[in-house]
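I am opening my notebook on a structure that is new to me, and I want to write down what I look up, one entry at a time.

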Amino acid sequence: MTETKHAAAPPDVGAALPAIELAGVAKEYRAHGETVAAVRGLDLEIAQGEFFSLLGPSGCGKTTTLRIIAGFEEPTAGRVYLHGADVTGVPANKRDVNMVFQSYALFPHMSVWDNVAFGLRRRRVPKEEIRARVGEMLETVDLTGREKRRPAELSGGQQQRVALARALVNRPRALLLDEPLGALDQKLRQAMQVELKRIQREVGITFVYVTHDQGEALTMSDRIAVMNDGRVEQLGTPREIYERPATRFVAGFIGTSNLLAGEVERIGDGRAVISYGPDGRIEVPLRPALPAAPGRRLELTVRPEKITIGTERPGGALCAVRGTVTEVVYLGTSTNYNVSTATGADVVVFTQNATSADHVAARGDTVWLSWEPRHSYAMGAAQ
Amino acid sequence: MAGPARRRLAPYLMILPGALWMLAFFLLPLALMVSLSLQTGNLVDGFRQTFHWQNYTDGLSIYGDKFARSLWYALLATLACAVLAYPAAYWIAMHGGRHKSTYLFLVLLPYFVPFVLRIVSWKLVLTDHGPVLGPLRDHGLLPADLHVLDTGFAVVSGLAYNFLPFMVLPVYVALERIDPRVVEAAYDLYASRFQAFRHVILPLSLPGVFAGVIMTFVPMSADYVNAEVLGGPRNTMIGNVIQSEYFANSAYPLASALSFTLMAILLVGIFIYARALGTRDVLEAARR
């Protein structure tokens with residue numbers, strides 16, 4: 001049975017409890033006599049009303065984590081709490097969360113209306129109330145007038161909205177979404193991202209969103225947990241994760257990151273100064289707990305859009321690195337350059353085509369890349 | 001030949017062998033049999049086309065009870081097949097894991113034994129002093145006056161036994177095709193195991209049951225070997241009548257008329273069945 005974790009707390013502070021809490025959750029599978037860990041000791045707290053994303057490559061454990069929250073999988077270790085109540089071992093049909101499946105998993109033999117009413121009927125909600133709530137929910141997802149259609153008679157985007165309505169109509173404590181936009185084309189996906197965010201604000205329900213698409217996670221989430229190999233690599237707001245990636249993996253997975261490494265020449269004024277190739281110089285703001293000392297190699301990242309490309313060595317306090325243009329990709333609103341630096345690192349540069357003086361370099365040109373020191377982000381000691 | 005012309009002709013060329021086959025070995029004999037069913041005469045004087053429709057009315061009035069019994073036996077055996085096959089197909093599809101094809105092979109295994117041998121074995125099982133009923137009777141576990149062989153029960157059980165795989169396979173295919181995520185969605189939406197079965201799995205598997213019913217009921221109602229071997233003289237089906245009229249009495253027109261009557265009954269019956277419980281409407285009915 002469920003058991004309240006914070007028994008001493010008065011019931012009216014229930015809203016302050018995390019909507020979902022995972023404590024030391026692990027999941028192992030046995031396959032061909034070998035034990036494979038899908039999730040390794042996960043601790044997460046997802047706040048009420050939060051749009052929370054689990055982001056990572058396939059096989060990182062994000063879907064398993066979602067299925068553990070839903071109750072389709074039991075963790076091999078750890079506890080799952082919904083609003084403070086321990087639901088570990090409680091089957092899916094007795095958990096107050098609902099799922100939007102990757103392929104929607106709509107009931108193909110039922111109309112849109114019956115799909116959406118399914119959960120309410122199972123819970124024996126009075127007929128009159130079912131009618132009101134289903135009608136209202138179909139209006140929210142803009143499907144009024146299609147009640148009698150079968151899922152097969154709907155477009156992908158419409159099926160997606162039925163799946164959403166079918167889950168949300170039950171007013172669950174949390175909505176779990178497993179790559180819900182994966183099957184839609186690019187344009188529809190972007191429209192649905194905005195739509196999902198609007199619906200989430202409107203209903204105020206906690207969303208746990210599983211995706212491998214970093215753009216999707218950055219656009220919609222309040223917080224993101226970047227997962228890799230069954231662990232959370234970094235947990236933070238989209239801005240934190242993008243601007244200050246905690247690990248090499250996060251830096252590589254989120255957006256395009258340029259990884260540079262060099263030997264620290266000196267440390268001063270809260271910054272490490274690295275000499276990079278002939279005439280090149282990089283300054284990196286230091287963070288506490290970062291092992292940097294003169295003579296040690298340090299790895300850092302710079303986002304492509306922070307870099308300016310030019311033919312002259314920039315002066316002043318700017319970081320400057322020399323390199324050779326290996327590729328120029330014209331994208332209409334912007335141009336991407338691939339530059340190979342003197343020490344062999346590949347650096348990507350995005351420039352906006354804002355002025356007509358846009359064509360600064362061609363393939364084979366020697367160029368100078370420069371950026372403000374604050375945009376250098378130290379990752380840690382380089383191998 | 002030009003490319004586009006060849007492409008337009010290709011589908012017709014592809015169905016040509018099959019169409020010729022059907023024409024030569026199905027439609028032509030069928031037409032000859034229709035003609036035969038309206039003839040009069042006998043083996044000695046020969047048969048003449050007289051459009052003797054009475055063959056049909058005679059057949060129905062003489063053997064009406066045999067038609068009724070055939071359909072009744074086939075109905076009972078079809079129900080038995082459905083009841084036996086559904087759980088088996090369900091288990092193989094949902095819990096068969098890596099060995100699904102092995103289990104399906106086991107279902108089909110009796111089919112590697114010749115038809116007659118299978119029925120004779122079944123007779124051995126049902127016979128009064130056989131290796132199954134004999135010891136039970138000797139130990140007083142069965143009443144001494146209980147006979148299974150030469151009863152309607154024996155015929156129905158033989159039919160069900162012989163046609164079981166034709167129910168298992170289509171039901172299995174239908175169950176196997178159900179997306180496990182759809183079943184999970186039912187659980188996610190608070191359905192109990194029974195409700196998930198009743199509202200999702202069962203309705204989605206009904207097209208398989210529908211196909212299985214047709215694949216078992218039709219050949220069962222025309223079967224005569226089971227009734228011949230297991231039913232004795234008092235439980236004959238319309239198949240036995242047709243067989244004896246044709247081969248024993250050489251009453252070719254009457255046998256043909258009986259065959260077409262059975263065919264008509266089955267076609268009309270299936271048409272009504274399909275209209276009343278056609279795939280989509282089966283689902284519709286099961287939805288609530």
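Which residues in α7(B) meet which residues in α8(B)? I keep in mind throughout that this is a predicted model.

Entry on two helices. I looked up the contact and found that V182(B), V183(B), A186(B) and Y187(B) are the residues that α7(B) brings to it, while α8(B) brings A196(B), H199(B), V200(B) and I201(B). Sorting the residues of this contact between α7(B) and α8(B) by kind, I noted seven nonpolar, one polar and no charged. I then turned to the geometry: α7 of chain B covers residues 180–188 and α8 of chain B covers residues 193–222, and their axes come within 10 Å and cross at roughly 145°. The crossing in which α7(B) passes α8(B) is right-handed.

Entry on the annotated domain. In UniProt I found an unreviewed entry that lists residues 67–273 of chain B as "domain: ABC transmembrane type-1". Over residues 67–273 of chain B I read 77% helix and 0% strand, with the end C-alpha atoms 18 Å apart.

Entry on the two chains.

Technical notes:
Residues are numbered from 1 along each chain as its sequence is written. Chains are lettered from A and ligands numbered from 1 in the order in which they are written. This is a predicted model: local features need pLDDT of at least 70, side-chain atom pairs count only at pLDDT 80 or more; totals for chains, interfaces and linings use all residues. UniProt positions are given in the numbering used here, feature names are shortened, and annotations may be inferred rather than shown by experiment. Helices (H or I, at least four residues) and strands (E, at least two) are DSSP runs, numbered from the N terminus. Axes are lines fitted to C-alpha atoms, for helices over the stretch in contact, and angles run from 0 to 180 degrees between N-to-C directions. A crossing is left-handed if the near helix is turned anticlockwise from the far one by less than a right angle, and right-handed if clockwise. Two residues are in contact if their C-beta atoms, placed from the backbone, lie within 7 Å. Ala, Val, Leu, Ile, Met, Phe, Trp, Tyr, Cys and Pro count as nonpolar, Asp, Glu, Lys and Arg as charged, and the others, Gly among them, as polar.
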